[in-house]
Amino acid sequence: MNNHLDNHIHVEVNYYSFIVIFLVCLAVHVVKSHLEGFCKMITRIRKGCNSEQDKIAKEISDLQKEQSAFNPVDDFAKHSKLQRKIVAKQSALKEAVHQQKKSLRWYTKLRLYIVLRISLVSDCLTLHNM
């Protein structure tokens, strides 16, 4: 009778191990498929930010070239109007850089969270099999 009980426990442990391994494989598959989507999204955001930043930087450069054509004393109004535009564009550029850094921090935190979760599941499986 004791042998029958041992076999029953052994079968039950194998059944639970199978379920846990299946769920972990399923979770890894889901995370992997979502992670690829997140990577594509972040890549699009980064490329968009860089092109936006390049565009703003070119506009600043063009305004500075245009401003250099005017004498600050003789053409004070035109010179200062261009200076205000330059300052506004520089502010927009700083904001774009800030937003890019913010999105990269979020992406880095997400990657770290996923790696830690996978590591935790792996550790649980290791402890469970012991």
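Trainee: Which residues make the nonpolar surface patch of about 500 Å²?

Mentor: Phe-18, Phe-22, Leu-23, Leu-26 and Val-30 make that patch. A patch takes residues with over 30% relative accessible area and no salt bridge, joining nonpolar side chains (Val, Leu, Ile, Met, Phe, Trp, Tyr) within 5 Å and like charges within 9 Å. Areas come from the Shrake-Rupley method with a 1.4 Å probe, and for residues only the protein chains shown count as cover. This is a predicted model, where local features need pLDDT of at least 70, side-chain atom pairs count only at pLDDT 80 or more, and totals for chains, interfaces and linings use all residues. Residues are numbered from 1 along each chain as its sequence is written, and side-chain values use heavy atoms, with hydrogens and water left out.

Trainee: Where does Leu-23 lie?

Mentor: In helix α1, residues 2–68. Helices are DSSP runs (H or I, at least four residues) and strands are E runs of at least two, numbered from the N terminus. Leu-23 counts as partly exposed, at 48% relative accessibility. Buried means under 20% relative accessible area, exposed over 50%, and partly exposed in between (1.4 Å probe, protein chains only).

Trainee: How many helices and strands does the protein have?

Mentor: 2 helices and 0 strands.

Trainee: And how many salt bridges are there?

Mentor: The structure holds 2. A salt bridge here is a side-chain nitrogen of Lys or Arg within 4 Å of a carboxyl oxygen of Asp or Glu. One joins Lys-58 to Asp-62, with the closest N and O atoms 3.3 Å apart. These two residues are 4 apart in helix α1, which means about one helical turn separates them. Lys-58 is exposed at 53% relative accessibility, and Asp-62 is partly exposed at 37%.

Trainee: What about Glu-59, which residue does its side chain meet in a salt bridge?

Mentor: Lys-89, at 2.6 Å from N to O. Glu-59 is in helix α1 and Lys-89 in helix α2, so the pair ties together parts that are 30 residues apart in sequence. Glu-59 is partly exposed at 25% relative accessibility, and Lys-89 is partly exposed at 29%.

Trainee: Different topic. Which residues gather in the patch of positive charge?

Mentor: Lys-101, Lys-102, Arg-105 and Lys-109, on the surface. Lys and Arg count as positive, Asp and Glu as negative, while His and the chain ends are not counted. Each charge is placed at NZ of Lys, CZ of Arg, CG of Asp or CD of Glu. Arg-105 is in helix α2, residues 76–129.

Trainee: How much of the protein is buried?

Mentor: Buried residues make up 15% of the 130 residues.
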